[in-house]
Structures are given as C-alpha cells and as structure tokens.
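Here is a report on helix packing and nonpolar cores. Keep the sequence and the model in view while reading.

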Amino acid sequence: RSTMETAAGTKKRRNLPGTSSKDLYAWEPASGDFKMTGQYSVQEYIQNKIRQEPSDLEAITECPESVHPDEWIYEHLRQFIIELGQLTVILGPMCDKTTFPKMTAGDGFEFLSACYGEKPKMVSAIDYICHNTDFYVGVLNKSKTFPRPNHVALGKKAMKEIKDVAKRLYRVLAHAYYHHKDAFKAFEAKTHLW
C-alpha cells in the first residue's frame with residue numbers, strides 16, 4: 001500500500017511498511033495547489049517530476065509560479081543530497097581509505113574537509129564524502145536558517161550556506177567522475193544527477 005486514509009478522510013501519500021517495490025510511489029500526483037499539501041510539498045513535487053521522467057531536466061528544474069526561486073533552489077539541493085547518498089553507497093566498496101587516502105579529483109585538485117573544527121584537514125575520500133554529506137544535511141535542516149515551510153525568500157545567510165553546500169558536495173561528483181568514471185556514468189545515466 002502506498003496511501004493511507006486519515007481520520008478526517010483525507011489521503012496521505014506515503015510508502016507504508018510492507019509496500020512492495022512495484023507499488024512504491026503509486027499514488028496520484030497532488031491536484032490543485034500542491035503547496036497546500038504539507039511542509040514537504042515542494043520536495044514531493046520535485047520527486048514526482050523525477051519519477052515521471054528522470055531525463056526531462058527542463059520539467060524537473062522549471063520553478064512553478066507559486067514557489068519562490070530561493071525555496072526551489074533549496075529543495076533541489078536537498079534532493080541532490082538524497083541522490084548523492086545513493087552514489088556514496090555505490091562508491092563505498094571501491095573508494096576506501098587505502099585506495100583513496102585523500103579527497104582528490106585529479107592532479108592539482110585536493111580537497112580539505114571543514115567538518116572537523118576551525119582548521120580544515122585532509123581526510124580520505126570516503127570520509128570526506130560521508131562526513132560532508134552528514135554535516136550539510138544538518139546545515140540544511142537548521143530551522144533557524146531554513147524555516148519550514150518557507151514559501152518566501154531566504155535570507156543572505158541561508159543563500160550563503162546553500163552556495164557553500166553546493167560547492168563542497170559537488171566535489172564528490174568531481175571525485176567520482178575522475179576516479180570512478182564507470183560507476184559515475186552508470187549512476188548518471190539512471191539519475192541525471194550531474
């Protein structure tokens with residue numbers, strides 16, 4: 001089952017425990033103003049667009065009129081992190097601390113992790129990927145900086161955080177492309193994450 005009925009008789013779109021993989025996300029897309037369906041409605045809207053056709057980047061990235069562009073960027077970055085987690089699982093067995101003791105993306109591109117206090121330090125690629133992903137999930141979930149639901153422009157601090165998150169996490173894609181090209185291309189063909 002992919003939907004459940006509440007006491008008020010409304011249907012919630014959720015993948016309930018025991019839902020078979022073929023029935024995942026088998027609910028009807030929200031009709032009317034999707035922004036009225038809850039605090040995660042923009043995220044769900046983006047995910048529905050991705051499920052409908054993952055290669056239709058124009059449809060996935062086109063910001064609806066009812067959504068502020070700052071919120072749209074924020075929600076796409078949250079979706080990027082979800083999909084980056086899937087890539088991390090794929091990279092894990094081939095990108096351990098012994099094979100990639102430094103986070104690099106080719107000659108001359110070494111990246112330090114800022115997740116360890118005031119002074120950034122060199123860590124293995126897999127540690128950089130995992131620690132930075134975890135760290136920036138926390139950053140994007142700070143309700144003081146990113147209130148939910150937002151529906152308005154984000155402040156200067158929030159936009160600065162978004163730029164920093166994107167810069168640091170896109171380094172993971174650079175590493176994957178340079179060092180794990182076959183795995184990256186297979187993942188990219190399925191998700192169009194790049």
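## Conventions

Axes are lines fitted to C-alpha atoms, for helices over the stretch in contact, and angles run from 0 to 180 degrees between N-to-C directions. Helices (H or I, at least four residues) and strands (E, at least two) are DSSP runs, numbered from the N terminus.

The model is predicted: local features need pLDDT of at least 70, side-chain atom pairs count only at pLDDT 80 or more, and totals for chains, interfaces and linings use all residues. Numbering starts from 1 along each chain as its sequence is written, and side-chain values use heavy atoms, with hydrogens and water left out.

## Overall layout

The protein has six helices and two strands. Their order from the N terminus is β-β-α-α-α-α-α-α. Of the 194 residues, 40% are buried (under 20% relative accessible area; exposed is over 50%, partly exposed in between; 1.4 Å probe, protein chains only).

Contact means heavy atoms within 4.5 Å. Among contacts with a separation of 6 or more, 56% join residues 24 or more positions apart.

## Helix α1 against α3

Two packed helices are described by the angle between their axes and the distance between the axes. For α1 (residues 41-52) and α3, the axes come within 9 Å and cross at roughly 60°. The pair is therefore oblique. Angles under 35 degrees count as roughly parallel, over 145 as roughly antiparallel, 65 to 115 as roughly perpendicular and the rest as oblique.

On the α1 side, the contact uses Val42, Gln43, Tyr45, Ile46, Gln47 and Ile50. They meet Glu71, Trp72, Glu75, His76, Arg78, Gln79, Ile82 and Glu83 of α3. By class, this contact has six nonpolar, four polar and four charged residues. Here Ala, Val, Leu, Ile, Met, Phe, Trp, Tyr, Cys and Pro count as nonpolar, Asp, Glu, Lys and Arg as charged, and the others, Gly among them, as polar.

## Helix α3 against α6

Helix α3 (residues 69-91) also packs with α6 (residues 181-191), at an angle of about 150° and with axes 11 Å apart. These two helices are therefore roughly antiparallel. Their crossing is right-handed.

From α3, the contact draws on Glu83, Gln86, Leu87, Ile90 and Leu91; from α6, on Ala183, Phe187 and Thr191. Five of the contact residues are nonpolar, two polar and one charged.

## Nonpolar cores

A nonpolar core is a set of buried Ala, Val, Leu, Ile, Met, Phe, Trp, Tyr and Cys residues joined through side-chain atoms within 4.5 Å. The largest one has 32 residues, and Phe80, Leu140, Phe146 and Val165 have the most contacts inside it. Two or more residues come from each of α3, α4 (125-140), α5 (156-179) and α6.

Phe80 touches Leu169, Tyr170, Leu173 and Leu193, leaving aside residues up to four places away in sequence. A second, separate core of six residues includes Val42, Ile46, Ile50 and Ile60.

## Two loop residues

Is Val67 buried or exposed? Val67 lies in the loop between α2 (57-61) and α3. Its relative accessibility is 4%, so it counts as buried.

Pro93 sits in the loop between α3 and α4. At 69% relative accessibility, Pro93 counts as exposed. Pro93 and Ile126 are 33 residues apart in sequence, and 9.7 Å separates their C-alpha atoms.

Definitions and conventions. A crossing is left-handed if the near helix is turned anticlockwise from the far one by less than a right angle, and right-handed if clockwise.
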